[in-house]
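Please look through the structure below before reading the notes that follow.

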Amino acid sequence: MDYSDLNELIAETESPLYQEFNRAAEYLKTHHDKLMPDDLLDLYAFYKQGLVGDCNVSKPGIFQMTSRAKWSAWNNLRGMSNDDAMQKYVEKVNNLFENWQENSNPQQGTSWVATSRPHFDEEIDDAGKTLTDFVQDGNLEQVSSFLARLSATEVNEIDEQGMGLLHWCTDRGHEALLKLFLKQPGVDINLRDGDGQTALHYAASCGHIGCLRTLLEAGADQKILDNDGNCFLSVAYDDSVAKVVHEINNQ
């Protein structure tokens, strides 16, 4: 970075807009729980566009629903300037919290910016969590205790989101949990979700190579098509999926 760029950076961080954006984001840290998901998505997108610019990360897999929604919201702002995005962020906070500036601290530092993000997932105490919650968390100990009293019917149940436990394991990339479930009596390795997709589709789509290997080596059916006629390779995250499949099929 040359000297002129440094001056520009200093000027930007001292600008009234940047300072107001900073205070708005700081205020939101302790008030995000009052917002609807759509508002949080808008704020996340304006925040990222304001600080980073155009979306510069790969699109998450099909079944990483929260991450995919956040990515799409940010990517939809492609081309919007940093200043415009910061202004939109401040305007959004103004609309949602009419008197927020009266309760914000203008002397607050800016070190939080690197880590502060709007929250989308509500925190739940362990006492209130279900087996699915523990699977999503990757909590091997808690899941093991559940499995000891889980029937063959329950291990293959489809939840309100159209997913089974094998789908959740694979969606989150929890290879150890996946192996644990595959040892469970009566588990259906080819269980289909609401869209007709198996855990193998999930592993391929999300690019979770460890889970992909586990499923293939356990004999998952590679010929199953989902409701749209797609095999698992048709929804693969990248070329690494096909390479693993070729390797395992030719052992």
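A residue counts as buried if its relative accessible area is under 20%, as exposed if that area is over 50%, and as partly exposed in between. The model described here is predicted. By the cut-off for burial, L17, Y18, E20, F21, N22, A24, A25, E26, Y27 and L28 of helix α2 are buried.

**Helix α2**

- Helix α2 runs over residues 16–28 and has 13 residues.
- From the first C-alpha to the last, α2 reaches 18 Å, which is close to the 18 Å expected at 1.5 Å a residue.
- The helix is mostly covered, with 10 of its 13 residues buried.

**Aromatic rings**

- A pair of aromatic rings is described by the distance of the centres and the angle of the planes.
- The whole structure holds 6 aromatic pairs.
- One of them joins F21 and Y89, with 5.0 Å from centre to centre and 65 degrees between the planes. This pair is edge-to-face, because planes over 60 degrees apart count as such.
- F21 lies in helix α2 and Y89 in helix α5 (residues 82–96), so the pair ties together parts that are 68 residues apart in sequence.
- F21 has a relative accessible area of 1% and is therefore buried. Y89 also counts as buried, at 1% relative accessibility.
- Ring pairs link F21 and Y89 with Y18 and Y47 into a cluster.

**Charges over rings**

- Which ring does the charged end of K70 sit over? It is the ring of Y44, and the charged end is 4.9 Å from the ring's centre.
- The charged end of R149 sits over the ring of F146, 4.9 Å from the centre of that ring.

**Helices α9 and α10**

- Helix α9 covers residues 165–172 and helix α10 covers residues 175–182.
- These two helices pack at an angle of about 160 degrees, and their axes are 8 Å apart. Angles over 145 degrees count as roughly antiparallel, so α9 is roughly antiparallel to α10.
- The crossing in which α9 passes α10 is left-handed.

**The loop at L225**

- L225 is placed in the loop between α12 (209–217) and α13 (239–249).
- Is L225 buried or partly exposed? L225 counts as partly exposed because its relative accessibility is 41%.
- L225 and H201 are 24 residues apart in sequence, and their C-alpha atoms are 9.1 Å apart in space.

Notes. Residues numbered from 1 in each chain as written. Predicted model: local features only at pLDDT ≥ 70, side-chain atom pairs only at ≥ 80, totals over all residues. Heavy atoms only, no water. Helix = DSSP H or I, 4+ residues; strand = E, 2+ residues; numbered from the N terminus. Expected span 1.5 Å × (residues − 1). Buried < 20%, exposed > 50% of the residue type's maximum accessible area, 1.4 Å probe, protein only. Phe/Tyr/Trp six-rings, centres within 6.5 Å; stacked < 30°, edge-to-face > 60°. Lys NZ or Arg CZ within 6 Å of the ring centre and 35° of its normal. Axes fitted to C-alpha atoms, helices over the stretch in contact; angles between N-to-C directions. Parallel < 35°, antiparallel > 145°, perpendicular 65-115°, else oblique. Left-handed = near helix turned anticlockwise from the far one by under 90°.
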